[in-house]
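Dear colleague,

Please find below the structure that I am handing over to you. My notes on it follow directly after.

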Amino acid sequence: MTEPGIPDLSEAEARGELARLAMEIAYHDRLYHQNDAPEIADADYDALRRRNAAIEARFPALVRSDSPTNRVGGAAEAGFAKLRHKVPMLSLDNAFDATEFAAFCDRARRFLGLTAPLVFVAEPKIDGLSIGLTYENGVFVRGATRGDGTEGEDVTANLRTMGAAVPQRLEGDAPASIEIRGEVFMTKADFLALNAAQAAAEQKLFANPRNAAAGGLRQLDPRITASRRLSLFAYAMGDSSEPVAETHFGYLDRLRGWGFAVNPLSRRLDSETQAAAFQDQIGAQRSSLPYDIDGVVYKIDDLALQRRLGFVGRAPRWAIAWKFPAEQATTVLRDIRIQVGRTGALTPVAELEPINVGGVLVARATLHNEDEIARKGLRIGDTVVVQRAGDVIPQIVEVVTDKPRGEVAYVYPDVCPACGSHAVRPPNEVVRRCTGGLICPAQRVERLIHFVSRNAFDIDGLGEKTIQEFYAEGWLHGPADLFRLPEREADIAVRKDWGKLSARNLSKAIHARRTIALERFIFALGIRRIGESNAKLLARHYTNYANWRAQMVAAKIVGSDERLTLGSILGIGPTIAEELADFFAEDRNVAIVDALAAELTIEDAAAAEVADSPVAGKTVVFTGTLETMTRQEAKARAESLGAKVTDSVSKKTDIVVVGADAGSKARKAAELGIETLTEAAWRARIGDPEAAPPT
Ligand SMILES: [Zn+2]
């Protein structure tokens, strides 16, 4: 990426860029602090902030009121009570090399008018979540996240689940009131164990220990926090009712005395000249430490000097975080492989010439999605910079443009590499998906499990585990094969945990489902966005299988009358119509549907509905002005459910549906003690979805 150098910027360009940076940094702050889901590496984020600060330094008149320089992190999230910090909880300025660290020392010395060397305390910078813990008379009373630096989230209940890491009572003498600050984090081992458990439970994986710790602490249910193994190092002071130490190093001793864990690698350095050696020493230990760190924090030890130095903007003048360089290396992009997830999502993965990055051999890197490939302009054969920045999954930073480039730009596939079905990307979505759900080997097991699930075919004795086993045997290529399982009854009977009786019962259960309601059939196909209620709407609209199939196949043609009709069914809408049309545009999906239908008797929607209709055989009267349907529509719908609709109320009437401005009929119903329903109650009774509000 080539951006204009800051000295070359015109004032107009600088103003524009500051506006863009403010927006972009705020966006990443939100992802990081509120969603615990950063999109960019910390080093890239730091680069944005540094560019912003550099432009502000060159054009001080253009500093915006919402400048990121004056903000820390994101606002507190809804769901937690907010707690105001008595002393703002700010963040640190960063240094990235010895020159920047020396400049920081010079600034501090000039400010103080000192010539003597500065004494520092150096502490590894843990990659976690900053929190403040308030103790009154030695007892833990509340704790908050940093939030925006002024106001954080009240996570007291969650902090109480952290055992000895957050002492409930301070040992020994303590001030009447003190706020102790520290970092909640997750060790690498606990992180890996958590992700293994998440994977086993098919839950989402955390990108790195920091996200896992933040996600663990910011749970609305403290029981979830308790189940995550969180650790804490204490390292700073907020408000205190009385002085507790003369130096920061002395304060760390007090923290240990009160029962807190303090990072054992923290050291007092007699002079700033020792910092570079300490930085190297910790850097060398970094990969073998049990937790992630991203640098070393240097704080001026003398608390009186700290008070004199104070703050500038969002950061103290007496401390700086000297960050480690991101662990990067250069290698060749050998290929881009597309993985297909169990839900059909296509995800690109970079295959690299294996390379050692900070002690770890890296052969793959994440590419997130197709836009990222385009944004980075990746070509197979390019030399690329690969980075591990505390993150577990390596990333590609950029293409090295002065090395020989790959021949052709990478073209993202529009067919699924696992099954050859077309892969589509709906407007406004970043993920491209395979449309061949039932034929795609990557998705097949998942689809079969859905197919037999309770609200679909609901076949007794065919659970997830059995589907997986039979699939592994090669017995299930598609859903139609389920109905051929009875032919294998003898083979099933001799399997472990089966036996003749269970195999017989399975065959019976399968036969019992050869007759199926149209809506269950549609739902079982697992077409994206076609859940139970949409399946019901479709079944009701098209009434029988043959009609539905014909209309769907016709609707695959963009702009066809059938597609327009489909999109206008109340509750379906154009987006869902697209998904259906995409499904039927794949001929092999149609073949699967046909193969299934050949095995089954699919009941007409009306027949099935009447059978379990709550109003079948009832006599119903509509009166007054109906708001969500015409009188004619209401009558047709009631009759389709087996009800008899009459105009006048008599003793034979079972239900009177009362619209607006109802007159004598409503009164008569009341006199005769006949059940009356509002229009909404009627809809609820017959299981119709809420009508869209009038526009
Ligand atoms: Zn596929």
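The model is predicted, so local features need pLDDT of at least 70 and side-chain atom pairs count only at pLDDT 80 or more, while totals for chains, interfaces and linings use all residues. Residues are numbered from 1 along each chain as its sequence is written, and side-chain values use heavy atoms, with hydrogens and water left out.

Overall architecture

The chain has 695 residues, of which 48% are buried. Its secondary structure comes to 25 helices and 26 strands, where helices (H or I, at least four residues) and strands (E, at least two) are DSSP runs, numbered from the N terminus. The C-alpha trace spans about 100 × 70 × 65 Å along its principal axes. The domain assignment, which is automatic or from a database, gives domain 1 (6–71), domain 2 (83–323), domain 3 (327–451), domain 4 (518–609) and domain 5 (614–685). Taken over C-alpha atoms, the centres of domain 1 and domain 5 are separated by 63 Å.

The zinc site

The zinc ion has as its protein donors Cys416 (SG), Cys419 (SG), Cys434 (SG) and Cys440 (SG), at 2.2 to 2.4 Å. Donors are N, O and S atoms within 2.8 Å of the metal (3.2 Å for Na, K and Ca); water is not among the atoms, so sites may look incomplete. The arrangement is tetrahedral because the four donor atoms subtend angles of 97 to 116°; four donors count as tetrahedral if all angles lie between 85 and 135 degrees. In sequence, the donor residues follow the spacing C-x2-C-x14-C-x5-C. Cysteine 419, in the loop between β18 (395–399) and β19 (423–424), and cysteine 440, in the loop between β20 (433–434) and α12 (444–451), are 21 residues apart and link distant parts of the chain. Cysteine 416 is buried at 2% relative accessibility, cysteine 419 at 14%, cysteine 434 at 6% and cysteine 440 at 0%. A search of the whole structure finds zero disulfides, a disulfide being a pair of cysteine sulfur atoms within 2.5 Å.

Nonpolar cores

A nonpolar core is a set of buried Ala, Val, Leu, Ile, Met, Phe, Trp, Tyr and Cys residues joined through side-chain atoms within 4.5 Å. The largest has 59 residues, and those with the most contacts inside it are Leu482, Phe521, Leu538, Trp548 and Leu566. Domain 3 and domain 4 both give residues to this core, so it lies between them. A second, separate core of 36 residues includes Phe80, Leu129, Ile131 and Leu252.

Individual residues

Isoleucine 126 lies in strand β3 (residues 120–126) and is buried at 7% relative accessibility. Leaving aside neighbours within four places in sequence, isoleucine 126 is in contact (heavy atoms within 4.5 Å) with residues including Glu183, Phe233 and Tyr291.

Asparagine 137, in the loop between β4 (129–136) and β5 (139–145), has a positive phi of about 50° although it is not a glycine. Arginine 529, in the loop between α16 (518–524) and α17 (532–542), also has a positive phi, near 70°.

Yours sincerely

Definitions and conventions: Buried < 20%, exposed > 50% of the residue type's maximum accessible area, 1.4 Å probe, protein only. Tetrahedral: all angles 85-135°; square planar, octahedral: opposite > 155°, others 65-115°.
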